[in-house]
Amino acid sequence: MRLPLLALLAKEPAHGYELKHALEKTFGSAYPSPNIGQIYVTLGRLEKDGYVRAVDVEQSNRPNKKVYYLTAVGREALENWVDEPTEGPRVRDEFFMKLVLAPLTGIADRMALVNRQRRHYLSLMRDLNELAEQTDPGNRVALLLIEGAMLHLQADLDWLERCQEELP
Amino acid sequence: MTGTPAIKAINLVKIYQSGGVPVPAVRGIDMRVESGEFVAIMGPSGSGKSTLVHMLGGLDVRTSGEIWLDGTRADTLSESGWALLRRRKVGFVFQFFNLVANMTVADNVELPALLGGATPRQARERREYLLGELGLTERASAAPAQLSGGEQQRVALARALANQPRLLLADEPTGNLDSRNTKDVLRLLSDVHRKGQTIVLVTHDARVASMADRVVSLLDGEIVDDGALPRARRRPAGTVGDVVELRG
Ligand SMILES: Nc1ncnc2c1ncn2[C@@H]1O[C@H](COP(=O)(O)OP(=O)(O)O)[C@@H](O)[C@H]1O
Ligand SMILES: [Mg+2]
């Protein structure tokens, strides 16, 4: 989560809750929003590494709040991140391990594993459909994120079908 | 789960003859679809999905077994008997559209409604509703050959729904559609299903299948899975954290 926070701070200085809200507002409910504790831990690390600094801002009837801003080093790290190509998706599928290994041990039958997994993928897809319907049609970022998740899920399902065809 | 099922198939078998060699495409399928139910059929290519729905719609003759539609034995019908039954009760969306080439889109869609006994005005209103829902209002006076594959596919769906059939059979109805047009089709299917339409549909598209009440999976001409989708366990705060993981 380090770089998204740097990116948000490059726009304007902010405190932890503002960053949390900005992430939620941008990515919508498909994005598993980080809890505020994680955000402060990450900000603490970024501060230690010299990427951000914090200033205390007094508030009238509440404790001071810390407002974070980006340093020159932080901006450079952000620029490097943006400039690099990003790793493509990798197959890191726990289900595939089950499918290949479990029948060897006699614990499970492949057909049953595949069927259960297919139903699971389809129920996830139904959730994504519902989520897409509930998402503000103006929030393009959130809708694209959901569509991306759907396309990945479709690929998983197609692969499942190939496994069912090829593995006895 | 009582009442007359929309479809009942008993030990349905189809064996094609290909150059003197028997090709078993469907190998003993038992299936029951309740009235108002939405069933998706999935499976690898060559697993017998098209053959199954073609037999259920009387477009392919079964080798053995029984087919009952709405309580009536159908597998013993003659070709004209099937044609009459289809006209009254079944809408079919083919994988390869089969639109009438020398008729406009509007006429293609109105025709089955007129044949089914609708007045010209009812047929027109139904056509306007269906083409509107599928984003095709502008194409009403075009000829099928002037349409893209995706447009033809949506016209085929509109045509199949024109006379509000008791049963909609569809073979990969979103196979040629991009994501946005698929969304229109999904919306229409869920709308007519909500109003009681029975649907049996072959699909590879997980978005389409996930809308069904039940998913039937075929492999090598047999049913290997048949069941309702599990209600996904509720995730905290409505997220789908299992699927979405953004890194950075
Ligand atoms: N007209 C035909 N003549 C001979 N074999 C056919 C014919 N139609 C389909 N088949 C064979 O029957 C099997 C099932 O085909 P099909 O029902 O089209 O599968 P799916 O729709 O699941 O891809 C395949 O092996 C296919 O080659
Ligand atoms: Mg097919």
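1. Buried here means under 20% relative accessible area, exposed means over 50%, and partly exposed is in between (1.4 Å probe, protein chains only).

2. Some housekeeping. This is a predicted model, where local features need pLDDT of at least 70 and side-chain atom pairs count only at pLDDT 80 or more, while totals for chains, interfaces and linings use all residues. Residues are numbered from 1 along each chain as its sequence is written, chains are lettered from A and ligands numbered from 1 in the order in which they are written, and side-chain values use heavy atoms, leaving out hydrogens and water.

3. Back to α6(B), residues 179–194. Helices (H or I, at least four residues) and strands (E, at least two) are DSSP runs numbered from the N terminus. This helix has 16 residues and spans 22 Å from first C-alpha to last, close to the 22 Å expected at 1.5 Å a residue; the expected span is 1.5 Å times one less than the number of residues.

4. Asp178(B) caps the N-terminal end, with a side-chain oxygen 2.9 Å from the backbone nitrogen of Asn181(B). A polar contact is a pair of N or O atoms within 3.5 Å; within protein, one must be able to donate a hydrogen and the other to accept it, and residues adjacent in sequence count only if both atoms are side-chain atoms. Just after the helix, Gly196(B) takes a positive phi of about 105 degrees.

5. Now ligand 1. The residues around it (a heavy atom within 4 Å) are Tyr16(B), Ala25(B), Pro44(B), Ser45(B), Gly46(B), Ser47(B), Gly48(B), Lys49(B), Ser50(B) and Thr51(B). Helix α1 (residues 49–56) of chain B gives the most to this shell, with three residues. Oxygen atoms of the ligand sit 2.8 Å from a side-chain N or O atom of Ser50(B) and 2.5 Å from one of Thr51(B). The protein covers 60% of the 560 Å² of accessible area that ligand 1 has on its own (Shrake-Rupley method, 1.4 Å probe).

6. Two non-glycine residues with positive phi deserve a glance. Gln164(B), at about 45 degrees, is in the loop between α5 and β7 of chain B and is exposed, with a relative accessible area of 55%. Asp220(B), at about 50 degrees, lies in the loop between β9 (214–219) and β10 (222–228) of chain B.

7. Which residues does Leu157(A) touch, not counting residues up to four places away in sequence? They are Arg118(A), Tyr121(A), Leu122(A), Met42(B) and Ala206(B), where contact means heavy atoms within 4.5 Å. Leu157(A) is in helix α7 (residues 140–166) of chain A and counts as buried at 7% relative accessibility.

8. Finally, Thr203(B), in the loop between β8 and α7 of chain B, is buried at 2% relative accessibility. A polar atom of its side chain lies 2.9 Å from the backbone nitrogen of Asp205(B). Leaving aside neighbours within four places in sequence, Thr203(B) has contacts including Ala40(B), Met42(B), Glu172(B) and Val208(B).
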